[in-house]
Amino acid sequence: MKDFFKNWRFIIRRYHEIMPHSMASYWAYHLLFMILTISWQVLSVYVPAQVVQLLEEGASFYRILLPVCSLGLSIMLFQVLDPLRFFSGMEFRIIDLHLSSCFMMGISSEYMNGPQGAKDVENISRVIYQGNQYGTEGMMRQSWDTLTSFLILCVYLLTSARLPWYWLLLLVSPSLARGIVTYYFNRFELEIEAQQRTLYYEQAYCDRKIWSQSTAKDMRLYHLKDYFQSKLQSVWLRMYELLKKEQIWLRSRDALSLSLNLVRDLIGSIILLKAYSAQNLALADVVLFMGIMFNISKHVDGVISSYGQMINNSNQVTPYRKFYDLPSYDEGEFTGHIPEGPLELIFEDVSFSYADKTVFQHLNLKVKAGEHIALVGNNGAGKTTLVKLASGLLTPQSGKIYLNGVDIQTVNPKERYARVAMVFQELELFAASAEENITLKPHQQRDKERLQKAILESGMEHDIAELPHGLDTQLTTYLDPEGVQLSGGQTQRLMLARALYKSGDLLILDEPTSALDPLAEAAMYQEYLRFTQDKTAIFISHRLSSTQFCDRVLFLENGRIVQSGTHEELMSVAGPYREMFETQAQYYREHPAEDGQMAEAWS
């Protein structure tokens with residue numbers, strides 16, 4: 001319950017921050033709704049008894065009509081207020097959904113890419129997207145429902161206080177037993193939901209691959225119909241077993257509850273009728289206590305059921321609340337500023353490890369301002385990790401990284417990122433126009449002159465010209481059925497145009513030409529030399545023809561720089577660089593007819 005009250009205060013405080021103008025109406029709706037709910041629930045028991053009493057007294061029609069109308073009015077007001085209360089909670093969740101997405105974009109990428117970040121994303125998705133009965137909205141709604149049912153129950157019990165103690169015990173015991181069964185059923189249902197969620201993810205993955213355009217060719221070539229049909233059938237069978245188990249529990253609970261309620265109602269009715277026969281109770285009291293007896297189980301069950309759901313939702317909200325304690329990546333005291341101009345990069349005794357792997361230990365490296373560096377090595381050598389450290393996307397566990405003599409940890413990340421342009425190995429196209437994909441800016445912030453320059457320097461001008469609507473062409477078919485799917489080479493050129501548009505002083509290209517043929521790659525590297533003359537540039541490539549265009553080559557092996565020098569210097573000595581280069585060159589020597597120009601270049 002400690003976390004529950006923290007979560008309750010967190011939601012109320014957040015509601016006040018997001019919708020301060022609606023805070024008064026939020027409290028008014030829920031308090032009035034609670035009062036009206038208690039009123040009509042209590043009146044529904046009292047009014048029939050009062051009508052019987054008035055009939056016995058021979059009261060007038062209008063006097064009898066008054067309590068009936070009061071019951072009808074309370075029910076009508078309840079029905080009018082219910083959707084208003086419902087919408088006030090849903091409105092908060094809808095706005096919070098947008099703000100949570102914005103907040104998430106401010107968290108450091110290092111955290112978001114880690115294991116805790118993945119858990120947080122899943123938790124937040126459940127809290128916000130799962131529906132009205134879950135997460136923040138569900139917790140608040142069930143808090144009010146629990147309190148309302150509890151107060152109604154208290155009124156019923158206080159009304160029944162003048163009855164013998166054993167009658168009260170008879171009244172409450174079956175309802176309490178049903179409530180306990182419901183509580184354990186809800187816990188069992190949570191376990192079922194967790195297993196179902198796993199199966200939903202598996203089914204959604206299969207459906208996504210089956211319907212994806214990118215996997216259509218594999219589906220046909222490898223006849224994957226049987227494979228995916230088998231996987232889906234397995235999911236459906238496991239889902240059916242879970243549903244069957246859930247139905248067995250549900251029917252067992254309902255059968256037990258009905259049996260207990262039937263016994264209670266039968267024995268309670270006999271006691272009340274005997275008391276009436278013995279003239280110990282008036283007919284109006286018999287009607288009153290029968291009404292309480294028939295309604296009390298609903299509210300005992302409501303208290304326990306709402307309480308269980310409320311605590312479950314509170315457990316979902318806890319990581320959501322703690323997520324908001326995370327600082328934005330640009331928060332803090334930053335005293336350093338990077339001097340203008342091409343960037344000099346220095347690694348000083350840098351060590352870095354992932355959770356399951358050490359990448360660098362005491363790495364030292366200096367890249368001069370304006371120098372062009374080629375990072376080469378086998379997969380897993382640490383090339384991409386090195387450039388992520390250089391750009392500030394990762395933080396070393398020890399040691400320091402300097403840009404133009406300034407420790408990058410003392411510089412606001414926004415300033416760091418503004419000075420670095422990077423094309424990642426993983427290509428990320430957005431479902432937007434070509435222009436939006438290159439600039440990544442709102443319309444009013446785009447620089448048309450710089451956009452055209454980036455398109456020309458990246459060699460993208462012919463690709464843009466061939467698009468049906470030029471720069472306004474929608475890319476991908478995710479949002480627009482008539483959108484265009486770019487080829488691998490076109491996508492890489494667009495990524496390069498994006499980096500050039502950003503125009504950082506340190507340009508990092510991680511496998512920038514992997515989707516191009518060797519001749520196109522050689523031509524593009526010639527272009528790189530031209531537009532990076534006044535920039536510091538780091539290239540990562542597996543095809544070593546690119547290294548001939550760089551000032552220096554660094555060969556990484558097991559997180560260490562084992563060779564450093566120009567292409568000619570490294571080729572003049574025996575070592576892993578020359579061995580890798582000659583292995584790749586061997587192909588072109590053996591196939592001169594297929595690529596005469598490249599064979600000549602490798603010779």
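1. A pocket here is an open set of grid points with protein on both sides within 12 Å along at least five of seven lines. By that definition, the second largest pocket of this predicted model has a volume of about 570 Å³.

2. The second largest pocket has 18 lining residues, and S212, S214, T476, Y478 and Q485 are the ones nearest its centre. Its lining divides into nine polar, six nonpolar and three charged residues. Two helices, α7 (165–211) and α16, each supply at least two residues of that lining.

3. The largest pocket holds about 1900 Å³ of space. Its lining is made of 45 residues, with S109, L393, Y417, F424 and K502 nearest the centre. Sorted by type, these lining residues are 25 nonpolar, 10 polar and 10 charged.

4. Which elements each supply at least two residues of the lining of the largest pocket? They are α4 (109–112), β1 (345–354), α11 (383–391), α12 (413–419), β6 (420–423), α13 (434–439) and α16 (488–502). Of these, α16 gives the most, with five residues.

5. On the surface, L73, M76, L77, V80 and L84 form a nonpolar patch, and together they have about 430 Å² of accessible area. One of them, L84, is found in helix α3 (residues 61–104).

6. Why does L84 count as partly exposed? Its relative accessibility is 38%, and partly exposed covers the range between buried, under 20%, and exposed, over 50%.

Key
Residues are numbered from 1 along each chain as its sequence is written. This is a predicted model: local features need pLDDT of at least 70, side-chain atom pairs count only at pLDDT 80 or more; totals for chains, interfaces and linings use all residues. Side-chain values use heavy atoms; hydrogens and water are left out. On a 1 Å grid over the protein atoms alone, a cavity is a set of points where a 1.4 Å probe fits but cannot get out, and a pocket is an open set with protein on both sides within 12 Å along at least five of seven lines; lining residues have an atom within 4 Å of a point. Grid points are joined across faces, edges and corners, and a volume is the space filled by probe spheres set on the points. Helices (H or I, at least four residues) and strands (E, at least two) are DSSP runs, numbered from the N terminus. Ala, Val, Leu, Ile, Met, Phe, Trp, Tyr, Cys and Pro count as nonpolar, Asp, Glu, Lys and Arg as charged, and the others, Gly among them, as polar. Patches are made of residues with over 30% relative accessible area and no salt bridge: like charges are joined within 9 Å, nonpolar side chains (Val, Leu, Ile, Met, Phe, Trp, Tyr) within 5 Å. Accessible areas come from the Shrake-Rupley method with a 1.4 Å probe; for residues, only the protein chains shown count as cover. A salt bridge is a side-chain nitrogen of Lys or Arg within 4 Å of a carboxyl oxygen of Asp or Glu. Buried means under 20% relative accessible area, exposed over 50%, partly exposed in between (1.4 Å probe, protein chains only).
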